[in-house]
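Here is a protein model to look over.

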Amino acid sequence: MATKINPPEEELKVFISTRESTCGECGENLGTQAWIFLRRDKGALCLACADLDHLIFLESGDAALTRRARKHSALSTVVLKWSRARKRYERQGLMVESQALEKAETECLADSEVRTRRQIREALRRDDLDQQYLEQFTRRLLELFPGCPPSRGREIAEHACLKYSGRVGRSAFAKKLDEEAIRLAVIAHLRHSETRYDYFLMKGYDRREARAIIQEDIERLLHQWERLI
Ligand SMILES: [Zn+2]
C-alpha cells in the first residue's frame, strides 16, 4: 500500500528504480526495478555497496508497527517508487534492522492484549457479552480447574467468550463449552501471566519457539490448577 510522501530532510532514501541502472561503485548491472541508493558523487549504488543490504523491508500499512520499527532501528531508510500515474514518488515502506522489526512486532502484540481487555470491559458494559454463557463457561472452568482462583477463572472466561462471540453464533458457541476449548483458554492465559512467554517474544523468539521453551511450566501449572489446593 503506497501513501503520499512527506519525509523529513534527514531521512535516508532507497529508490525502486524505474529504468535500467548500474551500481556506481561495484559496477554491477542492476537491471530494471532495482533497489538503489543515490549518493551524490557516485550516482546509484546497489544496497550492498551502500551498506544497507542487512536491512529488511517493512511494507507501509501498519502505522504503529512502522513507527516502532523505525524508533528501534539505529539505521533505517524509506523506500520510494515513482508513480507514473500520479507523477510523484510514493512511499512503499521502510527498510529497518530485523531485530528492530521483531521488537516492534512484540510491542504491537502486547498492545493487542490491552485492546482485548478493553473490548471485554466495553462489551460487558453494553451487555453484548452474554452473561449466561459467561457464567456457564466460568463455572465449567472452575470445575475442571478447581485450583484456579475464581477471579482468574472469570477473567479467562471473559477473554474466551469475547473471542468466540465475535466469530461464531450463539449456538455454536455453546458447543465450545467443551473441555478442550476451556483448556486452551486456560493455557493462553497462563502463558502470558505465569511464564516468561512474553519475555521470550520480546527477545525475538518466534511464537512456536517460545511456546516450546515454556511447555514444561505450562504442564506444571495446569497440573496445579487441576487439583484443589
Ligand atoms: Zn554495488
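**Reading the labels**

The protein chain has 8 helices and 9 strands. The model is a predicted one.

Q: How much of the protein chain counts as buried?
A: Of its 229 residues, 39% count as buried. Buried means under 20% relative accessible area.

Q: What share of the contacts with a separation of 6 or more comes from residues 24 or more positions apart?
A: Such residues account for 56% of those contacts in the protein chain.

**Helix α2**

Q: Which residues is T106 in contact with, leaving aside its neighbours within four places in sequence?
A: T106 is in contact with L201 and M202. Contact means heavy atoms within 4.5 Å.

Q: What makes E107 buried or exposed?
A: E107 has a relative accessible area of 17%. The cut-off for buried is under 20%, so E107 is buried. E107 also sits in helix α2.

Q: Where is A64 relative to E107, in sequence and in space?
A: The two are 43 residues apart in sequence. In space they are 9.5 Å apart, C-alpha to C-alpha.

Q: Which contacts does E107 make, leaving aside its neighbours within four places in sequence?
A: E107 is in contact with R68 and H72.

**Salt bridges**

Q: How many salt bridges does a search of the whole structure find?
A: The search finds 11 salt bridges.

Q: Why is the pair R68 and E107 called a salt bridge?
A: A salt bridge needs a side-chain nitrogen of Lys or Arg within 4 Å of a carboxyl oxygen of Asp or Glu. The closest N and O atoms of R68 and E107 are 3.2 Å apart. The pair therefore forms a salt bridge. R68 lies in helix α1 (residues 63-72) and E107 in helix α2, so the pair ties together parts that are 39 residues apart in sequence. Both R68 and E107 are buried.

Q: How do you know that E194 and R152 form a salt bridge?
A: Their closest N and O atoms are 2.7 Å apart. The limit is within 4 Å, so the pair forms a salt bridge. E194 is in helix α6 (residues 179-194) and R152 in helix α4 (residues 150-165). The pair links distant parts of the chain, 42 residues apart.

Q: Why is E194 called partly exposed?
A: E194 has 38% relative accessibility. Buried is under 20% and exposed is over 50%, with partly exposed in between. E194 therefore counts as partly exposed.

Q: What makes E226 and R183 a salt bridge?
A: The side chains of E226 and R183 meet at 2.9 Å, N to O. The rule asks for within 4 Å, so the two meet in a salt bridge. E226 lies in helix α8 (residues 207-226) and R183 in helix α6, so the pair ties together parts that are 43 residues apart in sequence. E226 is partly exposed, at 33% relative accessible area. R183 is partly exposed too, at 27%.

Q: Which residues are linked in a network of salt bridges?
A: E11, R70 and R91 are linked in this way.

Q: What makes the patch of E102, E105, D206 and E209 negative?
A: Asp and Glu count as negative. The patch is formed by E102, E105, D206 and E209, so it is a negative surface patch. E102 lies in helix α2 (residues 98-126). At 33% relative accessibility, E102 counts as partly exposed.

Terms used:
Residues are numbered from 1 along each chain as its sequence is written. This is a predicted model: local features need pLDDT of at least 70, side-chain atom pairs count only at pLDDT 80 or more; totals for chains, interfaces and linings use all residues. Side-chain values use heavy atoms; hydrogens and water are left out. Patches are made of residues with over 30% relative accessible area and no salt bridge: like charges are joined within 9 Å, nonpolar side chains (Val, Leu, Ile, Met, Phe, Trp, Tyr) within 5 Å. Accessible areas come from the Shrake-Rupley method with a 1.4 Å probe; for residues, only the protein chains shown count as cover. The place of a charge is taken as NZ of Lys, CZ of Arg, CG of Asp or CD of Glu. Helices (H or I, at least four residues) and strands (E, at least two) are DSSP runs, numbered from the N terminus. Buried means under 20% relative accessible area, exposed over 50%, partly exposed in between (1.4 Å probe, protein chains only).
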